[in-house]
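User: Hi! Could you walk me through how to read a few local features in a protein model?
Analyst: Gladly, let's look at it together.
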Amino acid sequence: MNSADNTTRVEVKHLHHSHDPETSRIAAESVDRDEASRVQQAILDLLAEEPRADFELIPAYFNLRVENDWPFVQPHSIARRRSELHMLGRVYDTGERRQTPYRRPAVVWAVREAA
């Protein structure tokens, strides 16, 4: 295996969780990294406007998607890209919790200021 293959595998590894089914690994390998980066930037822009929980972030993304020329993705992809941003240290858990429509507590996320 050459280093390019290793880099690709490392990137793919972070696009799915170890406990996910095999289909998630396959889906992660097919992710367009440019599209994923654009979605991540959109999430950063939305969270910079105001901290949000995932259940608030998803409709905000879709309400502004066409206007901002953001890629169409499945709703669960928004939470996945936000999770990647958390793993990268770009967003953080504010400690605040908001109640979802299902009356469950949800983490409120905010953009970590660049050091």
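User: How many aromatic pairs does a search of the whole structure find?
Analyst: Some background on the model comes before the count. This is a predicted model, where local features need pLDDT of at least 70, side-chain atom pairs count only at pLDDT 80 or more, and totals for chains, interfaces and linings use all residues. Residues are numbered from 1 along each chain as its sequence is written, and side-chain values use heavy atoms, leaving out hydrogens and water. Rings of Phe, Tyr and Trp (its six-membered ring) pair if their centres lie within 6.5 Å; planes under 30 degrees apart are stacked, over 60 edge-to-face, and the rest tilted. Here the search finds three such pairs. One of them is edge-to-face because the rings of Tyr-61 and Phe-62 have centres 5.3 Å apart and planes at 80°. Tyr-61 and Phe-62 also belong to one aromatic cluster with Trp-70 and Phe-72.

User: Is Tyr-61 buried or exposed?
Analyst: Buried means under 20% relative accessible area, exposed over 50%, and partly exposed in between (1.4 Å probe, protein chains only). Tyr-61 has 0% relative accessibility, so it counts as buried, whereas Phe-62, at 25%, is partly exposed.

User: Where does Arg-103 lie?
Analyst: Arg-103 is in the loop between β2 (91–99) and β3 (105–111). Its phi is positive, about 65°, though Arg-103 is not a glycine, and at 64% relative accessibility Arg-103 counts as exposed.

Conventions. Helix = DSSP H or I, 4+ residues; strand = E, 2+ residues; numbered from the N terminus.
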